[in-house]
Amino acid sequence: MAARAKKTSAKKTQTVLTNTARSPEPAEFTKEEELQFYHDMLLIRRFEEKAGQLYGMGVIGGFCHLYIGQEAVVTGTVKAIKQGDQVITSYRDHGHMLATGMNPRGVMAELAGRKDGFSKGKGGSMHMFSKEKNFFGGHGIVGAQVPIGTGLAFSNKYLGRDNVTLVYFGDGAANQGQVYESFNMASLWKLPVVYVIENNQYAMGTAVSRASAETDFSRRGLSFEIPGYVVDGMDVCAVKSAADEAVAWARSGKGPIILDMQTYRYRGHSMSDPAKYRTKEEVEKVKTEHDPINQVKNRCIKKGWATEDELKEIDKKVRAVVADAADFAENDPEPDVSELYTDVLL
């Protein structure tokens with residue numbers, strides 16, 4: 001009897017050890033892939049900068065949470081999925097929309113509350129959806145997207161579809177009870193879901209070390225036997241490499257997996273947040289040493305894949321796309337009053 005107990009204990013220890021794996025080494029990517037990374041992250045960066053300007057001008061109202069600094073996370077993870085896979089996230093969502101291929105015009109128009117926005121001007125920054133791109137929102141309630149995303153994964157398994165769901169949420173949302181209920185169900189039923197924790201270190205304004213007893217979020221699924229990786233979320237190559245493994249794990253029927261993306265936002269929690277809980281020196285250090293876009297830029301130049309002028313040309317084209325989206329949004333009419341009574345469930 002004692003021998004049996006000892007054997008069981010050893011087996012359990014081994015399970016725990018295999019569930020605390022570190023992120024795989026970043027793979028080598030081709031010139032074309034790296035330049036695409038650069039373009040896609042730059043599109044998100046320039047779009048968000050313009051959104052911030054329009055908010056300051058009063059064109060965009062309500063809440064507006066910018067993604068500046070975190071571009072590598074969604075750029076790398078979305079490139080690991082295929083047609084039919086689903087994406088769902090929180091209110092810091094503009095980057096996810098662009099990464100899934102949603103038209104910048106429609107995204108900016110929705111931010112401005114115009115009729116040709118993705119939610120007909122009625123959802124604003126936090127509530128956009130695209131059935132065509134399998135983007136299931138933008139959710140304003142902290143952590144609310146996690147059980148919904150878990151439900152999407154359940155539908156994939158129930159209907160026998162070979163699809164995976166990417167569920168994004170932040171370090172603050174990781175402390176929500178509904179997250180752990182979702183983890184439990186996802187593990188019990190071996191659901192094809194990748195939980196991407198965008199750990200930008202500050203949630204809504206409180207440092208991780210002050211708000212979380214366990215600051216290694218890759219370990220948050222241990223009691224549910226969900227494995228996890230800690231990933232350099234400022235390096236798009238590291239993100240893509242980890243996402244490839246995580247998506248393959250989930251798609252193969254092994255169940256959920258967690259990616260703790262160590263990232264950083266340069267702006268406050270929202271446009272109304274002055275971010276006085278951290279120093280300017282801290283922010284500048286990250287920008288100077290770990291900026292995700294500059295990392296790709298420097299690699300491309302070092303390898304002789306692009307010159308400064310060629311990269312500036314990419315930036316110029318991206319700025320033109322963003323300027324067009326802003327011009328479209330500013331000139332697009334507001335929705336008709338009759339829209340108040342459409343898409344309402346009673």
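I wrote down one cut-off before anything else: buried means under 20% relative accessible area, exposed means over 50%, and partly exposed is what lies in between. I also noted that this is a predicted model.

**Entry: the pair in α2**

I began with Glu-49. Its relative accessibility is 25%, so Glu-49 counts as partly exposed. The side chain of Glu-49 meets that of Arg-46 in a salt bridge, at 3.0 Å from N to O. I then checked Arg-46. Its relative accessibility is 15%, so Arg-46 counts as buried. Both residues belong to helix α2, which runs over residues 31–57. They sit 3 residues apart, about one turn of the helix.

**Entry: a pair across the chain**

Next I looked up Arg-105 and Asp-324. Their side chains form a salt bridge, with 2.8 Å from N to O. This pair links distant parts of the chain, its members being 219 residues apart. Arg-105 is in helix α5 (residues 104–111), and Asp-324 is in helix α12 (residues 308–331). Buried or exposed, or in between, for Arg-105? Arg-105 is partly exposed, with a relative accessible area of 34%. Asp-324 is partly exposed too, at 32%.

I turned to Glu-289, which forms a salt bridge with Lys-285. The closest N and O atoms of the two are 2.9 Å apart. Helix α10 (residues 280–290) holds both Glu-289 and Lys-285, 4 residues apart, about one turn of the helix. Glu-289 has 47% relative accessibility and counts as partly exposed. Lys-285 is partly exposed, with a relative accessible area of 47%. I also found a network: salt bridges with shared partners join Arg-46, Glu-49, Asp-315 and Arg-319. For the total, I noted 22 salt bridges in the structure.

**Entry: the UniProt record**

I checked the annotation. An unreviewed UniProt entry lists residues 40–337 as "domain: Dehydrogenase E1 component". I looked at that span in the model. The C-alpha atoms at its ends lie 36 Å apart. The span is 44% helix and 9% strand.

**Entry: the largest pocket**

I moved on to open space. The largest pocket has a volume of about 390 Å³. Its lining has 23 residues. Which of them lie nearest the centre of the largest pocket? They are Val-78, Ala-99, Thr-100, Gly-101 and Lys-133. Helices α2, α3 (71–78) and α4 (94–99) are the elements that give two or more residues to this lining. α2 gives the most, with 4 residues. By class, I logged 9 nonpolar, 8 polar and 6 charged residues in the lining of the largest pocket.

**Entry: the second largest pocket**

The second largest pocket holds about 280 Å³ of space. I noted 22 residues that line the second largest pocket. Closest to its centre are Ser-90, Tyr-91, Gly-170, Asp-171 and Ala-173. Which element gives the most to the lining of the second largest pocket? Strand β2 (residues 165–170) does, with 3 residues. The lining of the second largest pocket divides into 8 nonpolar, 11 polar and 3 charged residues.

**Entry: Ile-81**

Ile-81 is in the loop between α3 and β1 (86–88). At 19% relative accessibility, Ile-81 counts as buried, because the cut-off for buried is under 20%. Leaving aside neighbours within four places in sequence, Ile-81 is in contact with Val-87, Leu-166, Val-247 and Arg-251. I also checked Val-164. Ile-81 and Val-164 are 83 residues apart in sequence, yet 7.6 Å apart in space from C-alpha to C-alpha.

**Entry: His-94**

Last, I looked up His-94, which lies in helix α4. Buried or exposed, for His-94? His-94 is buried, with a relative accessible area of 0%. I listed its contacts, not counting residues up to four places away in sequence. His-94 touches Phe-47, Glu-48, Cys-64, His-65, Leu-66, Leu-111 and Ser-125.

Notes: Residues numbered from 1 in each chain as written. Predicted model: local features only at pLDDT ≥ 70, side-chain atom pairs only at ≥ 80, totals over all residues. Heavy atoms only, no water. Salt bridge = Lys/Arg side-chain N within 4 Å of Asp/Glu carboxyl O. Buried < 20%, exposed > 50% of the residue type's maximum accessible area, 1.4 Å probe, protein only. UniProt positions renumbered as here; feature names shortened; annotations may be inferred. 1 Å grid on protein atoms, 1.4 Å probe; cavity = no way out; pocket = protein on both sides within 12 Å on 5 of 7 lines; lining within 4 Å. Points joined across faces, edges and corners; volume = space filled by probe spheres on them. Nonpolar A, V, L, I, M, F, W, Y, C, P; charged D, E, K, R; others polar. Contact = heavy atoms within 4.5 Å.
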